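Student: Could we go through a model together, taking one feature at a time? I would like to hear the general idea and then the case at hand.

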Amino acid sequence: MTKPQHFVGLDVSQKSTAVCIIDDKGKVISEGMCLTRPFDLADYIRKRSDCIEKVGLEAGALSPWIHTELMKAGLPVIVLETLQTYRALSMRRNKMVCPG
């Protein structure tokens with residue numbers, strides 16, 4: 001049996017960061033808040049998952065610091081530019097199927 005893949009999204013602000021961890025099927029594994037310090041973020045993520053595939057971090061003033069420190073902590077972090085991400089996601093097909 002293969003280990004599940006988890007993906008982490010960080011919504012960073014000056015004092016606190018919203019953290020959401022989902023699995024490869026889109027199911028929410030964990031949601032919460034954490035202090036905006038790389039050590040605290042890494043600790044928060046590791047306590048909730050041991051199979052992180054990617055950590056997504058929105059580009060902003062704190063991104064270089066957080067990205068560098070989370071990489072040093074061994075987490076696979078990418079920085080996402082908001083407008084490019086929005087454009088890429090808006091091109092996805094979003095077809096809802098209503099139960100009959």
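Student: How many salt bridges does the count come to here?

Tutor: A salt bridge is taken as a side-chain nitrogen of Lys or Arg within 4 Å of a carboxyl oxygen of Asp or Glu, and by this rule the count comes to 3. Before going through them, please note that this is a predicted model, in which local features need pLDDT of at least 70 and side-chain atom pairs count only at pLDDT 80 or more, while totals for chains, interfaces and linings use all residues. Residues are numbered from 1 along each chain as its sequence is written, and side-chain values use heavy atoms, with hydrogens and water left out.

Student: Where do Lys-47 and Asp-43 lie?

Tutor: Helices (H or I, at least four residues) and strands (E, at least two) are DSSP runs numbered from the N terminus, and both of these residues belong to helix α1, 4 residues apart, or about one turn of the helix. Their side chains form a salt bridge at 3.2 Å, N to O, in which Lys-47 is exposed at 62% and Asp-43 is partly exposed at 31%.

Student: How far apart in helix α2 are Glu-69 and Lys-72?

Tutor: Glu-69 and Lys-72 are 3 residues apart, which again comes to about one helical turn, and their side chains meet in a salt bridge at 3.3 Å, N to O. Glu-69 is partly exposed, with 29% relative accessibility, while Lys-72 is exposed at 64%.

Student: Which residues of α2 are buried, and what do they pack against?

Tutor: In α2, which spans residues 63–72, the buried positions are Ser-63, Ile-66 and Leu-70. These three lie on the same side of α2, because they cover an arc of only 75° around the axis, the arc being that of the directions from the helix axis to the C-beta atoms. The buried residues of α2 pack against β1 (6–12), α1 (38–48), β4 (52–58) and β5 (77–80), and the face turned away from the buried side carries the exposed residues Pro-64 and Lys-72. After α2 comes Gly-74, with a positive phi near 90°.

Student: In what order do the elements run from the N terminus?

Tutor: The order is β-β-β-α-β-α-β-α, a total of 3 helices and 5 strands. Buried residues make up 27% of the 100 residues in the chain.

Student: How many disulfides are there by the distance rule?

Tutor: A disulfide is a pair of cysteine sulfur atoms within 2.5 Å, and the count comes to 0. As for individual cysteines, Cys-20 is partly exposed at 25%, and Cys-34 is buried at 10%.

Student: What is the mean pLDDT of the chain?

Tutor: The pLDDT is the predictor's confidence in each residue, from 0 to 100; its mean over the protein chain is 85, and 80% of the residues reach 70 or more. Where pLDDT is low, the predicted coordinates should not be read in detail.

Terms used. Buried < 20%, exposed > 50% of the residue type's maximum accessible area, 1.4 Å probe, protein only. Contact = heavy atoms within 4.5 Å.
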